[in-house]
Amino acid sequence: MPDTPPKVERSDAEWRDTLTPEQYYVLRQKGTERAFTGPLTYHHDSGSYHCAGCGALLFASDAKFDSHCGWPSFTLPAESKAIDEHEDISFGMVRTEVTCARCGGHLGHVFPDGPGPEGLRYCINSVSLAFRKAE
Ligand code: FE
């Protein structure tokens with residue numbers, strides 16, 4: 001069996017040094033970029049979306065769709081083990097937070113109103129993602 005990729009663990013100071021202020025705010029402080037401001041919201045190139053914190057593969061462009069919610073949206077992750085889910089009861093709502101399984105970075109939330117067979121919408125901050133164009 002293939003080994004699970006090692007977790008990325010960095011101190012808060014290391015994250016502050018390696019991330020932009022916006023990336024640090026979203027990935028490490030569970031912030032949210034303003035709707036419709038992220039550069040990847042209406043991005044349709046073929047390729048893969050990786051964690052901006054650690055580079056782990058998170059989503060394929062095939063799974064991206066226009067949800068009109070203001071953030072990049074995907075029907076499913078590249079592999080289920082790439083993403084961890086957590087109950088989030090902040091702001092008086094019950095939501096499911098999604099984080100990068102490798103580095104723990106906050107990505108966004110998953111909602112049960114997506115268009116694919118799974119019926120899921122992974123609503124992800126642009127700031128948490130790094131796009132790599134298909135070769
Ligand atoms: Fe990560």
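Student: Which residue in β8 is the bridge partner of Val 110?
Tutor: Tyr 122 is the bridge partner of Val 110 in β8. This is a predicted model, and every value below is computed from it.

Student: What makes β7 and β8 a pair of strands?
Tutor: Two strands pair if there are at least two bridges between them. β7 and β8 are joined by four bridges, so they count as a pair. The two strands run antiparallel.

Student: How do you know that β4 pairs with β8?
Tutor: The cut-off is again at least two bridges. Strand β4, residues 73-74, has two bridges to β8 and runs antiparallel to it, so the pair qualifies. Within this pair, Ser 73 stands opposite Cys 123 in β8.

Student: Why are both faces of strand β8 called covered?
Tutor: In a regular strand, side chains alternate between the two faces of the sheet. In β8, residues 121-124, Arg 121 and Cys 123 are on one side, while Tyr 122 and Ile 124 are on the other. These four residues are all buried, and buried means under 20% relative accessible area. Both faces of β8 are therefore covered.

Student: What makes the protein atoms around the iron ion its donors?
Tutor: A donor here is an N, O or S atom within 2.8 Å of the metal. The SG atoms of Cys 51, Cys 54, Cys 100 and Cys 103 lie 2.3 to 2.4 Å from the iron ion, so they count as donors. In sequence, the donor residues are spaced C-x2-C-x45-C-x2-C. Cys 100 and Cys 103 are both buried.

Student: Why is the site of the iron ion called tetrahedral?
Tutor: Four donors count as tetrahedral if all angles lie between 85 and 135 degrees. The angles among the four donor atoms are 101 to 114 degrees, so the site is tetrahedral.

Student: How do you know that β1 pairs with β2?
Tutor: Three bridges join β1, residues 47-51, to β2, and the cut-off is at least two; therefore they pair. His 50 stands opposite Leu 57 in β2. The open sheet has three strands in the order β2-β1-β9, with antiparallel pairing.

Student: What makes β2 and β9 edge strands?
Tutor: β2 (57-60) and β9 (129-133) each pair on one side only. Neighbouring strands of this sheet are turned by 30 degrees against each other on average, direction ignored.

Key. Residues are numbered from 1 along each chain as its sequence is written. This is a predicted model: local features need pLDDT of at least 70, side-chain atom pairs count only at pLDDT 80 or more; totals for chains, interfaces and linings use all residues. Side-chain values use heavy atoms; hydrogens and water are left out. Donors are N, O and S atoms within 2.8 Å of the metal (3.2 Å for Na, K and Ca); water is not among the atoms, so sites may look incomplete. Four donors count as tetrahedral if all angles lie between 85 and 135 degrees; four count as square planar and six as octahedral if opposite donors are over 155 degrees apart and all others between 65 and 115; anything else is irregular. Buried means under 20% relative accessible area, exposed over 50%, partly exposed in between (1.4 Å probe, protein chains only). Axes are lines fitted to C-alpha atoms, for helices over the stretch in contact, and angles run from 0 to 180 degrees between N-to-C directions.
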